[in-house]
Amino acid sequence: MIRWILFDIGGVLAEKKSDATFAELLASELETSDLQLVQKINELHEFSIENGEISELEFPKFVSEKLDFEFPVGSEKAFENAYKRYACPNEKMLKLAKSLRSHGMKTAILSNTAPAYTAVHDEFGINKSDGFAPIIRSYEIGVMKPDLIAYEKALAVLAAMPNEVIFVDDLAENIKAAKSLGISGILHKDFGRTVAEIDEIIASESA
């Protein structure tokens with residue numbers, strides 16, 4: 001029987017609001033027009049911070065050593081500020097999560113993310129006080145989706161068996177990994193379809 005709905009954040013509980021790319025917004029925060037360089041900085045951020053390898057405070061020095069780029073004075077919150085401009089809460093999905101909780105489901109989060117984005121997610125209403133508990137962040141567990149260890153750690157934290165969990169993510173590779181462990185996976189692209197698939201899985205598991 002399904003007990004848990006496990007959500008991703010980016011592309012699921014939060015969505016893009018800007019016509020600009022994240023790299024373009026980050027470039028403005030870093031006071032550079034070199035988008036190729038900024039893309040490399042963003043990739044370093046993803047693969048060094050989101051997996052818990054280094055901290056946000058260590059990142060500017062890390063970039064300086066790797067790419068010979070110095071963060072401008074006052075740009076310590078460049079990633080946080082760019083993300084605020086780039087994303088917004090997905091109100092439909094947040095209301096869906098609230099509705100699921102009202103029907104006895106528990107809602108939690110498994111997300112590849114960084115400390116710079118956590119405060120923004122809190123502002124979006126994506127936090128424990130809004131009913132998402134636990135929140136399992138990649139930088140805290142030291143591993144990112146689609147590594148199977150991320151899902152195994154999530155199941156341990158939830159104290160759940162794979163057949164008790166539905167996982168909702170917007171990336172096919174993350175869903176494929178979840179399904180390989182026996183977790184029901186839903187690739188989120190359309191709100192109505194996601195709702196229908198959740199209902200179908202819950203109904204089939206309850207039959």
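Analyst: Happy to. A salt bridge here is a side-chain nitrogen of Lys or Arg within 4 Å of a carboxyl oxygen of Asp or Glu. Keep in mind that this is a predicted model.

By that criterion, the structure contains nine salt bridges. One of them pairs Arg 85 with Glu 29, with 3.0 Å between the closest N and O atoms. Arg 85 sits in helix 4 (residues 78-86) and Glu 29 in helix 1, so this pair ties together parts that are 56 residues apart in sequence. Arg 85 is partly exposed, with a relative accessible area of 37%.

Helix 1 (residues 22-29) also meets helix 2 (residues 35-49): their axes come within 9 Å and cross at roughly 100°. The two helices are therefore roughly perpendicular to each other. Helix 1 contributes Phe 22, Ala 23, Glu 24, Leu 26 and Ala 27 to the contact, while helix 2 brings Leu 35, Val 38, Gln 39 and Asn 42. By class, that makes six nonpolar, two polar and one charged residues.

Another salt bridge joins Lys 145 to Asp 169, with the closest N and O atoms 2.8 Å apart. Lys 145 is in the loop between helix 7 (138-141) and helix 8 (148-158) and Asp 169 is in strand 6 (residues 165-169), so the pair ties together parts 24 residues apart in sequence.

Finally, Arg 193 pairs with Glu 200, the closest N and O atoms being 3.7 Å apart. Arg 193 is partly exposed at 41% relative accessible area, and Glu 200 is partly exposed at 44%.

Notes: Residues are numbered from 1 along each chain as its sequence is written. This is a predicted model: local features need pLDDT of at least 70, side-chain atom pairs count only at pLDDT 80 or more; totals for chains, interfaces and linings use all residues. Side-chain values use heavy atoms; hydrogens and water are left out. Axes are lines fitted to C-alpha atoms, for helices over the stretch in contact, and angles run from 0 to 180 degrees between N-to-C directions. Helices (H or I, at least four residues) and strands (E, at least two) are DSSP runs, numbered from the N terminus. Angles under 35 degrees count as roughly parallel, over 145 as roughly antiparallel, 65 to 115 as roughly perpendicular and the rest as oblique. Contact means heavy atoms within 4.5 Å. Ala, Val, Leu, Ile, Met, Phe, Trp, Tyr, Cys and Pro count as nonpolar, Asp, Glu, Lys and Arg as charged, and the others, Gly among them, as polar. Buried means under 20% relative accessible area, exposed over 50%, partly exposed in between (1.4 Å probe, protein chains only).
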